[in-house]
Structures are given as C-alpha cells and as structure tokens.
Amino acid sequence: MTSTFPDISISTERLVLRALDEDDVPALAEMMNDEMVAAWTSVPQPFTEDGARTWITEYAPTERTEGRGLDLAVTEFLTQRLVGIIQLGKTNWHVRSTELSYIIAPWARGEGYASEAALATAQWLFRDQKFERIELRTAADNTASQQVAQKIGCISEGVLRNACIARTRTEDGTWVDLRTDFIVWSLLPEDLEGVGEQLADTGGFTSFSDWN
C-alpha cells in the first residue's frame with residue numbers, strides 16, 4: 001500500500017489545487033506576511049521571498065516524498081491567481097489519517113475558498129486515497145477557521161487545553177507568543193454525506209468570511 005501522496009491536481013467549480021511552483025514565490029510571501037496569518041500560525045515573521053522559495057523547492061517536496069504530508073497551492077480557475085494554501089501533515093498511513101489546515105490570502109477572504117478547497121481535498125482523500133479520518137485543529141479564538149470546519153461537516157471532538165501557541169502584536173509592533181487552547185475536529189467519510197446538498201441549499205460556499 002502506498003505511503004506517499006501523488007503529485008496531483010484537484011479541480012472544483014472555481015478553484016484548482018496543485019503543487020506549489022516557483023512562480024508562486026511573491027504571492028506566497030505576501031500572503032504569509034498578513035497580520036492574521038502571523039497571529040494564528042507558526043509561520044516565521046517577517047516571511048521573506050527566500051523563505052517562500054525554500055518552502056516551495058525544498059520543504060513541500062520533501063514532505064510529500066517522505067510521506068509526511070502534502071502542500072497544495074489553491075488558485076482561482078479563471079485567473080490562476082494564488083488565493084491560499086491547503087496543507088496535509090502528521091499523516092499516519094497505517095491508520096489512514098492526516099491533519100488538514102488552510103490559509104487564505106487576505107484579499108480572497110469572504111469568498112468561501114477555504115471551505116471549497118478543504119471539502120474538495122477531503123473528498124479526494126476519502127475517495128481516491130482511501131483515508132478514514134481527517135483531523136483539524138483550530139485555536140480557541142479563531143472563529144473563522146472553526147466556521148470552515150463546521151461548514152464542511154467536521155465534528156468537534158474536544159479541547160486540548162493550553163496546547164496552542166498563537167501570537168499577538170504588542171504596542172511597539174513586536175510579536176509575542178500567546179498560549180491558548182486547541183479545538184480538535186474530525187471528519188470521517190460518512191460525515192460528507194449530504195454536505196454538498198446542504199451547501200447548495202445555503203447559497204454555496206460564501207456564507208462565512210473564512211480566512212484561515
């Protein structure tokens with residue numbers, strides 16, 4: 001049985017999810033320097049174009065080939081513009097489980113791109129890769145990310161107390177660590193039943209202002 005993710009492309013009505021390439025360097029660096037990304041992720045700040053290039057040419061390919069995860073660029077189908085990132089990590093090939101996370105560029109928030117990309121990735125994992133569990137972890141105060149998890153059918157399993165390091169900006173402009181809780185969510189194949197129909201009934205993917 002395979003223990004690495006394939007080099008793939010996933011298409012939705014509005015998006016194409018594909019491997020990162022070096023043309024994405026400027027847009028990736030700009031996205032990762034956003035205030036909200038800095039607050040809720042462990043991305044180094046400031047995030048340079050050299051850092052983006054290392055991620056694209058070294059980190060992401062190694063994660064995939066060594067079976068730990070998969071990094072996908074989320075791009076608009078019509079413009080090919082980079083709108084975000086989907087990451088799979090901490091993959092357990094015996095259990096057939098992986099952890100999913102998402103980041104959306106500030107200019108693209110409010111369009112439902114995070115939920116559309118996450119749902120498409122989940123469907124691919126369950127259908128084509130025969131996975132049995134996807135896990136998401138959201139910081140306790142990151143309500144936008146929690147709304148995305150709920151929207152794609154995730155079930156809240158509980159709280160990991162004091163397990164998350166977020167960041168906050170001080171008055172002098174520096175970032176300091178802030179400890180908070182993680183909310184743990186899971187998604188199983190049966191949880192996706194009817195999700196597409198529910199989204200259609202509620203007006204599609206744009207109900208929530210999702211960003212990360």
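Me: How does H1 pass H3, in a right-handed or a left-handed crossing?
Reply: Right-handed. A crossing is right-handed if the near helix is turned clockwise from the far one by less than a right angle, left-handed if anticlockwise. This is a predicted model, where local features need pLDDT of at least 70, side-chain atom pairs count only at pLDDT 80 or more, and totals for chains, interfaces and linings use all residues. Residues are numbered from 1 along each chain as its sequence is written, and side-chain values use heavy atoms, without hydrogens or water.

Me: Why is H1 called roughly perpendicular to H3?
Reply: The axes of H1 (residues 25–32) and H3 (residues 49–65) cross at roughly 115° and come within 8 Å. That makes the pair roughly perpendicular, a class that spans 65 to 115 degrees (under 35 is roughly parallel, over 145 roughly antiparallel, the rest oblique). Axes are lines fitted to C-alpha atoms, for helices over the stretch in contact, with angles from 0 to 180 degrees between N-to-C directions.

Me: Which residues of H1 and H3 meet?
Reply: Val-25, Pro-26, Leu-28, Ala-29 and Met-32 in H1 meet Glu-49, Ala-52, Arg-53, Trp-55 and Ile-56 in H3. Contact means heavy atoms within 4.5 Å. By class, this contact has 8 nonpolar, no polar and 2 charged residues.

Me: Where does H1 lie relative to the strands?
Reply: H1 lies across S4 (82–92) and S5 (97–104). The helix runs at about 80° to S4. Helices (H or I, at least four residues) and strands (E, at least two) are DSSP runs, numbered from the N terminus.

Me: What makes S1 and S7 the edge strands?
Reply: The open sheet has 8 strands in the order S1-S2-S3-S4-S5-S6-S8-S7, with mixed pairing. S1 (10–11) and S7 (155–169) each pair on one side only.

Me: How do you know that S2 is joined to S3?
Reply: Two strands pair if DSSP finds at least two bridges between them. S2 (residues 15–19) and S3 (residues 70–76) are joined by 5 and run antiparallel. Leu-15 stands opposite Glu-76 in S3.

Me: Which peptide bond is cis?
Reply: The one joining Gln-45 and Pro-46, with omega about -10°. Pro-46 lies in the loop between H2 (35–40) and H3.

Me: What is phi of Gln-80?
Reply: Near 65°, a positive value in a residue other than glycine. Gln-80 sits in the loop between S3 and S4.

Terms used:
Nonpolar A, V, L, I, M, F, W, Y, C, P; charged D, E, K, R; others polar.
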